[in-house]
Amino acid sequence: MSRKAVIECKHVSKTFYTLSGDHLVVDDLNFTVYENEFVVLFGPGQCGKTTVLNLITGLELPTKGEIIVAGEKVTGPSPKRGMVYQTTNLFMWYNVMKNVEFGPSVRGISKKERRKKAQHYIDLVGLTGFEKHYPVQLSGGMQQRVGIARAYCNEPDIICMDEPFGHLDAQTRYLMEKEVERISSQEKRTVVFVTNNVEEAIYLADRIILLRNLPTSVKKEYTVDLPRPRNYVSPEFLALREEITRDMDPTL
Amino acid sequence: MNTAKRINRKYKYISLISMLAFLGIWYLATAVLKLVPAYSLPDPVKVITTFVQKFYMKVPDGATLLQNIWASVKVAMLGYVFGVVIGIPTGVAMGWIKAVEKIVRPVFDFIKPIPPIALIPVMIVFFGISLQAKAIIIFFSTVIPCIVNSYSGIKQTNQIHLWVAQTFGATRRQQLFTVALPSALPMIFAGLRVAMGSSWMGLVAAELLGSTSGIGYMISVGRALLRSDIIIVGILTLGIIGILISVMFDLLEKLLVRGGSEK
Amino acid sequence: MKKSSIKQKAGTILLPAVGFVAILVIWWLLVSFTRIGLLLPTPLEVLKRFIYFLGNPIGKAFTLPMHLLISLRRVLTGFCIASVAGIIVGISMGRFKPIEAIVRPIFELVRPIPGVAWIPLAIVWFGIGETAKTFIIFMGGFVNIVVNTYAGARHVDERLMGVAYMLGASKIQAFFRVVLPSCVPYIFAGMQVGLSTCWMAVLAAEMVSSFEGVGWVIIAGQDINDMAQIFVGIIAIAVMGLLLAAFMRFMERILCRWRERGA
């Protein structure tokens, strides 16, 4: 099966130089993500997952090696690579509509066109009727939906999600996992999703990349071919969960 | 190879150069090029000499710089202490007791926007050019921010904390002293700081408008005699004292307000 | 149910009235039965005079509303210049390190000087015309607006800047859509404080040297020993201050709507 590679991480290393010394955070990281694939980067605690996302989106540059996204080497942030954050990071002074259309708006797309596009994604994430609301008036889960719509609305090549449900309560978290699955099946995109929750990883992923604890590198990969929507308590689900937990590096 | 520190040092040099450039331009414009007459803006060297001379010379206003500072600080302290002693309890009472709030608040809201400066003539008519007149002006400058801040500090007490105290059986009085007051402390402290600034301003205005001593008086004599070096020395002295006061408040705040202020 | 709501309404109207009435009664009693009456007019006299001055000139030419408008025009001129300059200086200091390094030491020198202390220097520099007054009012507002705007510009959430860049915003777009909006609450806080210090500065300036304006009304009252005129001036100032504060709150409600949780 020849699939188109969208993200290629080639021998990527990252060292942080700080006052207290040099820290090797990412060490010879190699992986590939294919078009329209939902890949979960899974790893223990503070294992440098966010740094990997920052490298992919170009917020930070690798010390060694290179990352190629959609045929281009990453040299800095670009609207072609969208991001959904752990904390919502919405523009508090803009209402939902203006937040979602921010990307198209700064890229100079006509008001009529970007409104139409934004409305489509607001509908997609289930926020129809909340277009005029300001972020402070929304619940945590709803704010996260705005964040997702904002990332999708910019129509990037890839979307990175950095523990987007880390701050939500358990109920909302389950609901949002279902929502993300629905959204990503309706709008096929290449998604790199970071989490430290093994259930969330298995529930969402086409493929799981297990990362080592600091310095980060790939420990193992799992292809998840369970039928969707997945059942959290099916024997296959539990077996995979068992296997990944066993393989995972211990943390403090 | 410490980049962060190196950049910081670079900016420190820029600051230093900027300061020197400022003095240099001032010197060039006044002493060398004589762009402005000396009675309007003296050169920096002249300002420094006057500053030093004022420590032992009584001309032109009849007192040395230190005597003037003492005269000002004395009045300021007097008015300030009274303002604090009356302002904080009033504000706390307004915030804690509903009836007091309802009666006093509207009157207070009407008085609040009156700048204390406007009261100077009233005080001069009542007390003449005297210590009382100035002290009362400073009292007004102090009491208003003290009331505002202690009132809103008490008002912003977290209702849940009060409920917690209630469930432990605290009386209303205990709730005030164990919950409301401690949680209002950072706010009250901020009020003390604001009050210090506004009382300092009130003092200067009072001394400019009617006084026979103090830094404000020295400045107004400087103006009458077209001695701008005296004016600038006075203004700089006010600034330096202002800095000292705010440093003092920083220290006090670190000592007294624990658990972090609201910033 | 109905009874209690009537009782409540009575409470919100009656109790505040109690405060005002008490003050007026004490005032009236003091004036009628003590020697203070030699200096202080009764509340009724002040009210009569207030109404009289609404239509008749104080001094040579202007009625009370005209004096108020003159002061207001001066305040607004100085305040607007101070706002524009203050926002520009504050934001550039907060966002650009080199500018911060250059401007900050000089600003720190000016910052602790109370606004009114500039009056004598302003008169020496600009005479007693409008320029001097605008300068004094400018200095009164400028410092507060810079301090607050600077704090706001430094507190811009860098992650949000990252978000904006990642969504494709240019530096200019990020400035107008992220930096500026997140500074607005700070700028507004600075402008509110600034407006009240400007209002204070105009009074001081008019009291020191002027032929019209509310500050002059008060000082002229002092010169002719007319306490009623002083009080008319003070009340006019309070009313104007209330209106200005209400206007600023209204503007804040509009500009900072996104911070309100309700509805």
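Predicted model: local features only at pLDDT ≥ 70, side-chain atom pairs only at ≥ 80, totals over all residues.
Helices, taken as DSSP runs of H or I with at least four residues, are numbered from the N terminus. Residues are numbered from 1 along each chain, chains are lettered from A in the order in which they are written, and side-chain values use heavy atoms, without hydrogens and water.

I begin with the second largest pocket. A pocket here is an open set of points on a 1 Å grid over the protein atoms alone, where a 1.4 Å probe fits, with protein on both sides within 12 Å along at least five of seven lines; lining residues have an atom within 4 Å of a point. Its volume, the space filled by probe spheres set on points joined across faces, edges and corners, is about 1,500 Å³. The lining has 39 residues, and the closest to the centre are B:Ile111, B:Phe140, C:Ile23, C:Trp27 and C:Phe231.

Which helix gives the most to this lining? It is H1(C), with seven residues. Other helices that supply at least two residues each include H3 (65-96) and H6 (131-155) of chain B and H10 (227-255) of chain C. By class, 37 lining residues are nonpolar, two are polar and none is charged; here Ala, Val, Leu, Ile, Met, Phe, Trp, Tyr, Cys and Pro count as nonpolar, Asp, Glu, Lys and Arg as charged, and the others, Gly among them, as polar.

Next, the interface of chain B and chain C. Contact, meaning heavy atoms within 4.5 Å, takes in 46 residues from chain B and 51 from chain C. The buried area, that is, the accessible area (1.4 Å probe) lost by two parts on being put together and summed over both, is about 4,400 Å², with 86% from carbon and sulfur atoms.

Finally, chain C and chain A. Here 21 residues of chain C are in contact with 26 of chain A, and about 2,100 Å² is buried, 64% of it from carbon and sulfur atoms. C:Met166, C:Leu167 and C:Trp258 lose the most area on the chain C side, together 38% of what that side buries.
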